[in-house]
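User: Please take me through the fold shown below, with the criteria behind each term.

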Amino acid sequence: MAFHLQFLVLLLFSCFSSIRCTSDHNLSQQPTPITPINRDLYRTSVALMEEIGALVNRHQDKLHMETFQSTNKGYKAELNVVTYCRNRTAIEDKSKFRILLSFGQHARELITSELALRILSILSEEQFLPKVDPLLLKKTLEKIVIKVVPVENLNGRKKVEEGDLCERRNGRGVDLNRNWSVDWGKKEKDFDPYEENPGAAPFSEPEAQLMRKLSMSFDPHIWVNVHSGMEALFMPYDHKNTTPSGLQSQKMKLMLETLNHNHFGDRCVVGSGGGSVGYLAHGTTTDYMYDVARVPMSYTFEIYGDEKASSKDCFKMFNPVDHLTFNRVLNEWSAMFFAMFNMGAHQMMDPQESTPFNMDHLISIDDYLNGYLIERKNRYGEKKEFLDLGLQEIRTYFRLFLLSSVMLMFMFCSRIAKSNRSHLPSISL
Ligand SMILES: [Zn+2]
């Protein structure tokens, strides 16, 4: 019974959830104690970004940082992206295995950004993973390029730091994990317009626009959206209660099950977000990454949750509050991430594995053109006139061009066949 209650609380209170439960309030009239941010453990976002900046400066051979900005109706957002490549001159080498990781999409999940710093410290070789062969690690890291977004939702995070500890949305009240285009805006019966506000339209938010551009230009093999609120390894879909069909989906699940077994003693929830949490989420980043950006391995990891904490005590619910748990979470999850890098890179380099992998990565002309145009737009800015042509028209021209080329080829081949046939002896067998 106690287990069932705990499980229910876990489901209802997870960061993923929109439901605001008041049962603990009803049971007791005592005011709920609110845990403040533990400043011994957690840096401010400014201090965190300064520390990451200093780390990047100390390791310019491996790391570099870019800052992107976007504005919508006076609302400004900034995205810091750190790129790791063991040999920086090979950063554009498209044969490398590409990994994109985002932390802090939900403002109140501070622990996720601390994990970003830990992973970057290990990549810079200022910190080390216990029980990992350094030679094996070096071999893996030579094959990969990693882009890390340490704090995706900087504006929301500032609100949390100012005392709004339950804020998960961006600086103007939109849930960035509901602002993407796959099944956007659909509302379930338990929809909470406060927590799950999807915004005025898909990609209405500058943060989501910047992340989409980043994913289109980088074209990763692995995407992980890192959250907290429970312990889970999720794969698509969030907007339906099933996982995708096919071999690639089986590979994704096998990777999660292996990681869960090796690093967490099988205690994490594994499966589709929509099928495992008990409710559906529409317009999420991971569903877009899998369905539209065609990232072959698209995940959402939930790295910590205190199911016993009150729903009003948000800092405690989403973040470890003592040294021991804080360090345990960072140690376990950083080890798990490096194991995932190794598994992913190994899968790509294995010729037996690569065929189905590449097959599943084939994209449609529409998706290709979407990505191509977004990338060109980034590169040349918005002044080029040809970009003002709508996507629809360009797709139509492209299809007409393909069709006419095929017809010309057909006419040409049939003429050659006719002229050759007259010279050949007839076959009578
Ligand atoms: Zn979250």
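User: How many C-beta neighbours inside 10 Å does Glu 302 have, and does Glu 302 count as buried or exposed?

Analyst: The model is predicted, so local features need pLDDT of at least 70 and side-chain atom pairs count only at pLDDT 80 or more, while totals for chains, interfaces and linings use all residues. Residues are numbered from 1 along each chain as its sequence is written. A residue is buried if 20 or more other C-beta atoms lie within 10 Å of its own, exposed if 12 or fewer, and partly exposed in between, with C-beta atoms placed from the backbone. Because Glu 302 has 25 C-beta neighbours inside 10 Å, Glu 302 counts as buried.

User: Which UniProt annotation covers Glu 302, and in which strand does Glu 302 lie?

Analyst: An unreviewed UniProt entry gives the annotation "active site" for Glu 302. UniProt positions are given in the numbering used here, feature names are shortened, and annotations may be inferred rather than shown by experiment. Helices (H or I, at least four residues) and strands (E, at least two) are DSSP runs, numbered from the N terminus. On that numbering, Glu 302 lies in strand 8.

User: In which sense do strand 6 and strand 8 pair, and over how many bridges?

Analyst: Two strands pair if DSSP finds at least two bridges between them. Met 230 of strand 6 stands opposite Tyr 304 in strand 8. Strand 6 and strand 8 (residues 297–304) pair in the antiparallel sense, over five bridges.

User: Which residue of strand 7 stands opposite Leu 233?

Analyst: Strand 6 and strand 7 (residues 269–272) run parallel and are joined by four bridges. Together with helix 8 (residues 247–264), these strands make a right-handed β-α-β unit; right-handed means that, with the strands pointing away from the viewer, the path from the first strand over the helix to the second runs clockwise. The residue opposite Leu 233 is Val 270.

User: How many residues of strand 6 are buried?

Analyst: Met 230, Ala 232 and Phe 234 point one way from strand 6, and Glu 231, Leu 233 and Met 235 point the other way. Residues on both of these sides are buried. For strand 6 (residues 230–235), the count is six of six.

User: What is the strand order of the open sheet, and which strands stand at its edges?

Analyst: The sheet is open, with eight strands in mixed pairing and the order 1-2-4-3-5-8-6-7. Each edge strand has a single partner strand, so one side of each is left without a neighbour in the sheet. The edge strands are strand 1 (63–72) and strand 7.

User: How many residues of helix 4 are buried?

Analyst: Helix 4 (residues 110–123) reaches 21 Å from its first C-alpha to its last, close to the 20 Å expected, where the expected span is 1.5 Å times one less than the number of residues. Its buried residues include Leu 110, Ile 111, Leu 117 and Leu 123. Of the 14 residues in helix 4, the number buried is eleven.

User: Which residues does Cys 166 touch, not counting residues up to four places away in sequence?

Analyst: Cys 166 is found in the loop between helix 6 (154–161) and helix 7 (206–218), and counts as partly exposed because it has 18 C-beta neighbours inside 10 Å. Its C-alpha atom is separated by 7.8 Å from that of Asp 313, 147 residues apart along the chain. Two residues are in contact if their C-beta atoms, placed from the backbone, lie within 7 Å. On that criterion Cys 166 touches Arg 108 and Cys 314.
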